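Take a look at the pockets first, then at the aromatic rings.

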Amino acid sequence: MLMTDRKFCLDRILKTPAIVWLALMLTLPLGARAELLIRITEGASSAIPIAVVPFAESGSMPAGDKVSSVVQSDLTMSGEFRPLEPSRMLSLPSERSEVYFRDWRLLGQRYVLVGQLTRNGDRVQARYELFDVNQEKRVLGETAAAPAGNVRSLAHHISDRVYEAITGVEGVFSTKLAYITVSGQGDQTRYRLQVSDVDGKRAKIRLESREPILSPAWSPDGKKLAYVSFETGKPVIFVHELATGERQKVSDLPGLNSAPAWSADGRSLLMTLSRDGNAEIYSKDLASGKLSRLTNHWAIDTEAAWDHSDRGIYFTSDRSGGPQIYHMERPGAEPRRITFGSRYNARPRPSPTGDYVYYVHQRDRSFHIARMNLENGEESVITRTGSDESPSVSPNGRLLIYATRQEGEGVLTVVSADGGAAYSLPASEGEVREPAWGPVTR
């Protein structure tokens, strides 16, 4: 089934009993492997020139990725930086005394990052410095270390620190992605819940099933995932402890159990339940098991997410005749419709800064990701693909990941929040979908 067919099925939530439309959404794409690839598809014209000089090395370094190469790739992926290729560098300094700012100005660089790696037993230490070329001054100088088998984490940490030093915004290169892949056909179909670095590397399968897995959602501490599994023959919400693999069944009521979303304190989950015959939004306290009903309407209400205040919710409802986004400022308040630009707007995901909400938006028979400025109500379409779904916002609000199709294959695509830069993460073969961007945990 094509992605557009899946969108048509989603649209039918507004005319079909909830348990039926969820089943219609489930498709059986072809094979997938664990690790994602990366393709830079578009860069921002305003990207900042930066030279990430290959780090000097002392001692036997572990085989595999070089720290400076990972940092360069991270900064490129953000869309906000344009790293200089090492082959164009006039010198390869590793400390302040070796940096000749005139050379870097001739190459048009705004910043230069240098460093040294030293291996001591089973640990690798990095000493690194970031310089402003025009002002000829150091803006960052630190030492960090990691186990020799975990140099990618060390590199992501350096990327985060460089990004924050220049932009003033916290980096997200050390965060994780969760997503679903599907392999095989018929009786050989396998669904896999996977977790990887934000660049698709170091992917690990956390759950494998013959039955569909949907809607992964991260806990605020990054230690758990909530998701919907059909392994018992019906939709059930589980919470999965990543460190131990222990799982807890948190909602197995008659009918639909779907769309889990964590509260900011990690104590409760939003979810869509049809226990009374119609899809409504509830909040469940995980410690006590107490359910609180948040919506009560003949329409189908679903896909809820807490707003920036963690008191109100955004959700999708057909109460106006078609799927639109609504905001409820607090439990018991009258929901207010906020989208009007097309007949289909669904799956709201607010930014962590509280200034935008992102959602799936239909325009000219295509489905895109749009964002709304919550201060003035201005709507902008930020994706250029045409079968887009499942938006998830990075913890710093600067990037957005979503599922789409490119050249006939299901891929994940990351775009800057304004749509100015993009890269895609296809599986090494087959399909990948349902992305969820993990929190900052350091």
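The lining of the second largest pocket has 10 nonpolar, 10 polar and seven charged residues. Here Ala, Val, Leu, Ile, Met, Phe, Trp, Tyr, Cys and Pro count as nonpolar, Asp, Glu, Lys and Arg as charged, and the others, Gly among them, as polar. This is a predicted model: local features need pLDDT of at least 70, side-chain atom pairs count only at pLDDT 80 or more, and totals for chains, interfaces and linings use all residues. Residues are numbered from 1 along each chain as its sequence is written, and side-chain values use heavy atoms, with hydrogens and water left out.

Of the 27 residues lining the second largest pocket, Ser153, Ser174, Lys176, Arg202 and Thr441 lie nearest its centre. Helix α5 gives the most, with four residues.

Helix α5 also carries Tyr163, which pairs with Phe81 of strand β4, so parts 82 residues apart in sequence are tied together. Helices (H or I, at least four residues) and strands (E, at least two) are DSSP runs, numbered from the N terminus. The Phe81–Tyr163 pair is edge-to-face, 6.0 Å centre to centre with 65 degrees between the planes. Rings of Phe, Tyr and Trp (its six-membered ring) pair if their centres lie within 6.5 Å; planes under 30 degrees apart count as stacked, over 60 as edge-to-face and the rest as tilted.

Tyr163 also meets Phe173: the centres are 5.8 Å apart and the planes at 80 degrees, so this pair is edge-to-face. Phe81, Tyr163 and Phe173 form one aromatic cluster.

Methods: On a 1 Å grid over the protein atoms alone, a cavity is a set of points where a 1.4 Å probe fits but cannot get out, and a pocket is an open set with protein on both sides within 12 Å along at least five of seven lines; lining residues have an atom within 4 Å of a point.
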